[in-house]
Amino acid sequence: MSTASSHVDGHHEEHHPKGIVRWLTTTNHKDIGTMYLVFSLLMFFVGGAMALVIRAELFEPGLQFVHPEFFNQMTTMHALIMIFGAVMPAFVGLANWMIPLQVGAPDMALPRMNNLSFWILPFAFAMLLSTLFFDGGAPASGWTMYPPLIQQTGDAFPFLIFSVHLMGISSIMGAINIVVTILNMRAPGMTLLKMPLFTWTWLITAYLLIAVMPVLAGAVTMLLTDQFFGTSFFHAAGGGDPVMFQHIFWFFGHPEVYIMILPAFGIISEIIPTFARKPLFGYEAMVYATASIAFLSFIVWAHHMFTVGMPLAGQLFFMYATMLIAVPTGVKIFNWVATMWRGAMTFETPMLFAIAFLFLFTIGGFSGLMLAIVPADYQYHDSYFVVAHFHYVLVPGAVFAIMAGVYYWLPKWTGRMYNEKLGKVHFWLSVIGVNVAFFPQHFLGLAGMPRRIPDYATQFTNFNAISSVGAFMFGLSQLLFAYIIWRAVRGGEKATAEVWENTKGLEWTVPSPAPYHTFDEPPEVR
Amino acid sequence: MSDNTGSDKRRAANRSLIGHLLIMTAGMFAFGFALVPLYDVFCDITGFGGRTNTEAATVTERPDESRTVTVEFASNLSGFGHWDFEPEMRTMEVQPGRLYQMNFVARNGSDNVLTGHAVPSVAPGSVARHFQKTECFCFEPQEFDPREQRDMPVVFILDPEIPRHVDRVTLSYTFFTGGPVAAR
């Protein structure tokens with residue numbers, strides 16, 4: 001008889017193709033998870049390099065390094081790559097690795113589709129990035145693709161549309177796979193309310209993806225037919241309305257921002273109990289809060305576009321609905337704090353990132369509340385205040401949570417501990433860099449500096465210079481992150497199966513590194 | 001044996017769940033397109049987006065002589081080209097319930113025959129449905145000979161039901177010009 005975890009390979013091993021073919025044809029959730037994570041790290045550096053072009057140009061007023069057209073291409077591509085290429089694939093990679101381990105399944109439910117949904121991505125981004133070398137340049141109208149401006153994009157336009165289609169197809173397939181795995185592949189005895197929170201938040205995220213990615217696909221299809229097939233969805237001349245695009249886009253766009261944060265909530269909910277050595281405070285409340293946030297995300301979209309002109313009743317509705325989101329989010333924040341309360345806390349790198357997440361995501365949440373106030377939003381709209389807000393929720397929010405998750409689970413993947421000292425150096429460089437980069441942008445926005453402009457009035461110089469220094473500090477310290485991961489892959493202190501003290505959950509019952517096949521026999525969950 | 005029936009069962013369960021999720025995906029794709037007519041209905045009801053009638057309205061004059069409303073006229077050109085497009089006057093004091101005429105002057109500055117189409121919009125959107133046009137150059141595309149200039153009239157009326165707190169309404173036209181008329 002074989003036990004679940006030591007039943008390694010045997011007859012599976014001999015079928016393994018080697019080299020690149022292994023990665024092209026693999027249907028193993030761990031391989032695919034690794035590919036997603038490596039791809040996302042690569043895109044993180046590509047998008048990060050674009051951010052550094054932006055910050056270098058904004059270090060001083062005037063035009064130094066790049067043409068305004070190229071600057072606009074950078075802002076657009078930076079956003080598209082970071083959202084669809086870095087943050088979302090990182091979460092899908094973590095889901096691929098961890099969800100089968102957390103629910104006691106031998107693999108994802110649909111392994112071949114899993115392979116396809118990953119391998120679409122390199123093609124999508126090759127298409128998107130190739131536009132940088134076109135005569136007319138890459139798309140430059142902002143990632144929100146508002147018509148009529150987007151329709152001035154040259155040859156890059158169809159490439160943009162089809163790459164967005166591909167990313168959408170990849171996400172939808174990934175989401176379907178995750179839902180089926182979670183609902184149908186759980187080990188016997190694991191009821192829904194016994195699932196780890198990372199799995200729970202991903203279940204809800206996957207439903208969000210299925211609900212809104214097709215809407216984005218529809219919106220960009222309309223752009224495509226407006227451009228090439230003479231329809232007038234958004235052409236005022238033909239009876240269409242460009243504002244309608246904004247409604248459709250943000251109907252996708254707001255749930256999209258929660259797609260990028262709910263799995264982060266899940267990761268933080270795994271890490272804080274481990275290092276506080278206490279069970280998560282209010283597990284069920286966390287689940288219901290996540291579901292409430294997901295529901296509310298469908299009825300707040302117009303807060304992205306208060307300034308287009310809207311009836312008063314509409315503005316009030318969207319303002320109050322937006323503020324309502326603070327309630328379930330507050331539940332989560334307080335539950336995390338309550339989990340740490342009187343815990344026997346230690347501060348390893350994952351916990352440091354988790355605590356920084358807690359502080360800094362909350363700052364981003366508060367500036368979001370300020371933006372929700374309609375009369376204030378008229379002032380802040382399209383200013384650097386908005387840039388500061390969404391970078392606070394996305395960088396020390398989503399990205400820090402991903403890094404926390406990587407440090408937390410890395411020993412499980414590689415079987416080796418990462419270098420704790422270097423991990424802490426990376427943390428402090430990142431947390432200082434991120435704040436130096438983005439905090440001054442609040443002041444710039446409040447003082448009236450618009451976003452997406454390569455030049456600015458001289459009174460904004462100091463804060464921009466500070467912000468650029470912070471951005472370079474944050475960006476360069478990520479090379480250290482890559483080095484730490486590389487070192488943990490190559491060697492280092494051996495990790496135990498538990499990895500951390502007193503960890504809970506099925507993923508810690510398999511050896512480290514997790515064998516190629518796990519849970520061939522479903523584990524018993526009490 | 002029991003393993004096999006177990007995996008068959010799981011396969012069937014997976015199939016039906018995938019089916020449901022695919023239907024959801026297709027449904028949401030369709031929903032994105034369904035938003036287009038829904039948005040039209042929403043705008044027609046609320047006047048959202050400053051929609052105003054694009055076909056001639058039939059009205060009866062019932063002047064309300066107790067007050068006047070300032071109507072502002074705005075003109076915009078879409079894209080580039082040799083066009084002039086201006087109202088004869090920027091503002092006009094009107095009494096609700098009375099018909100007025102205003103001319104917009106357009107000039108084709110190019111050497112080609114061009115057609116243009118003006119798209120109207122009324123602000124604030126909440127009173128757009130109280131602004132009716134009985135005659136308007138915006139109802140049809142306008143053809144211009146090379147270098148032709150002409151006055152284009154709009155005849156409009158403000159509904160006497162227009163809320164009393166509204167003392168200023170803007171009628172704006174954006175003039176869209178197509179390419180040269182083919183094969184003339």
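**View 1. Strands S4 and S8 of chain B pair in the antiparallel sense.** Nine bridges join S4 (residues 99-108) to S8 (residues 149-158) in this chain. The model is predicted. Val105(B) stands opposite Asp151(B), a residue of S8(B). Strands of a sheet pair through backbone hydrogen bonds, either parallel or antiparallel.

**View 2. Four strands of chain B form an open sheet.** The strand order is S2-S4-S8-S6, and the pairing is antiparallel. Strand S2 (83-87) and strand S6 (131-136) of chain B are the edge strands. Each of these two pairs on one side only. On average, neighbouring strands of this sheet are turned by 25 degrees against each other, direction ignored.

**View 3. Chain A meets chain B.** The contact involves 30 residues of chain A and 22 residues of chain B. About 2400 Å² is buried between the two chains. Carbon and sulfur atoms account for 78% of that area. In chain A, the residues that lose the most area to chain B are Asn184(A), Ala237(A) and Met244(A). Together they make up 19% of what that side buries.

View 4. Three residue pairs are in polar contact, both residues at pLDDT 80 or more.

**View 5. Helices on the side of chain A that touches chain B.** Helix H5 (156-184), helix H6 (197-228) and helix H7 (242-259) of chain A each give two or more residues to this side. H6(A) provides the largest share, nine residues. By class, this side of chain A has 24 nonpolar, five polar and one charged residues.

Methods
Residues are numbered from 1 along each chain as its sequence is written. Chains are lettered from A and ligands numbered from 1 in the order in which they are written. This is a predicted model: local features need pLDDT of at least 70, side-chain atom pairs count only at pLDDT 80 or more; totals for chains, interfaces and linings use all residues. Side-chain values use heavy atoms; hydrogens and water are left out. Two strands pair if DSSP finds at least two bridges between them. Axes are lines fitted to C-alpha atoms, for helices over the stretch in contact, and angles run from 0 to 180 degrees between N-to-C directions. Contact means heavy atoms within 4.5 Å. Buried area is the accessible area (1.4 Å probe) that two parts lose on being put together, summed over both. A polar contact is a pair of N or O atoms within 3.5 Å; within protein, one must be able to donate a hydrogen and the other to accept it, and residues adjacent in sequence count only if both atoms are side-chain atoms. Ala, Val, Leu, Ile, Met, Phe, Trp, Tyr, Cys and Pro count as nonpolar, Asp, Glu, Lys and Arg as charged, and the others, Gly among them, as polar.
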